[in-house]
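Please view the structure first.

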Amino acid sequence: ADYKVWWQILDSQDYGVPQQRKRFYLVAVLITGNLEPFSFPGRLTQLTMTRLDDMIPRRRGGSPDWRPIPPRPRAASLVTIEYEKLAAKRINPYRTPVCVDTGGTPAWVYTSVGRVMTLTKSHCEAFSYWSSSKGDFLDVDDYTRLQGLDVGDLDWQGAGVTRRQFAGMLGNAMAANVLEFVIPCALKSAGMISNRRYIEMSQNSFRRWGRLRTHTVSTAGSAATV
């Protein structure tokens, strides 16, 4: 249909958010005289990755809001089992941020160290993701951040959406942080923005999601260091 098409699988954790979220991204640009080569944005380096502690504030032991294990008996049992497995690997969940998805069975429990596993609609609705550093289950504010959105930007309560419904929507959402990197590349390829505007948008994305601001954004014949 007169479109040039590119596709790639991108992971949210490669673009500044500590969530393992691989998704299929397809960019289709109408073939015109202004069409420029398109390439997907490069991943942030390991040094610039946002840590889970950076996004989900750590609560210290002794805080009234911090618990060593979940208060729900079934979740407590699953988390205890997973913590014992981690201890055997010399990983201390009270020092290293760990997320345990307590929405499964003992045979199907997902645990992620230093990152959050892929958020899903049903498990977000059930609020089953336990954070060892937070000492509590992740909430809608945490889901919002982990999907690359700003807390407060979406007035879900004003829209008449319940907390559980909003949690499910976030579990189904695309990672906004990845889109923030991809969209400038697509707009530049389509000739809809100038090279200068592309650099500005890319710099803003790096500033927003990169912990160490030492990236170089390269374009045809020009480069900008952030």
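Tyrosine 3 is partly exposed because its relative accessibility is 44%; partly exposed lies between buried (under 20% relative accessible area) and exposed (over 50%), with a 1.4 Å probe and protein chains only. Tyrosine 3 lies in strand β1; strands (E, at least two residues) and helices (H or I, at least four) are DSSP runs, numbered from the N terminus.

The model is predicted: local features need pLDDT of at least 70, side-chain atom pairs count only at pLDDT 80 or more, and totals for chains, interfaces and linings use all residues. Residues are numbered from 1 along each chain as its sequence is written, and side-chain values use heavy atoms, without hydrogens and water.

Tyr3 also belongs to a nonpolar surface patch of about 750 Å², together with Val5, Trp7, Ile9, Phe24, Leu26 and Leu30. Such a patch joins nonpolar side chains (Val, Leu, Ile, Met, Phe, Trp, Tyr) within 5 Å, from residues with over 30% relative accessible area and no salt bridge. β1 (3-11) and β2 (22-30) each give at least two of the patch residues, and β1 has the largest share, 4 residues.

Helix α7 (residues 195-209) reaches 21 Å from its first C-alpha to its last. Its buried residues include Tyr198, Phe206 and Trp209.

The disulfide count is 0, where a disulfide is a pair of cysteine sulfur atoms within 2.5 Å. The table gives two cysteines.

| Cysteine | Relative accessibility | Class |
|---|---|---|
| Cysteine 99 | 1% | buried |
| Cysteine 124 | 0% | buried |

The sulfur of cysteine 99 has its closest cysteine sulfur in cysteine 124, 9.8 Å away, so the two are too far apart for a bond.

Note on methods: Patch = residues over 30% accessible without salt bridge, like charges linked within 9 Å, V, L, I, M, F, W, Y side chains within 5 Å. Areas by Shrake-Rupley, 256 points an atom, 1.4 Å probe, with all protein chains shown as cover. Salt bridge = Lys/Arg side-chain N within 4 Å of Asp/Glu carboxyl O. Expected span 1.5 Å × (residues − 1).
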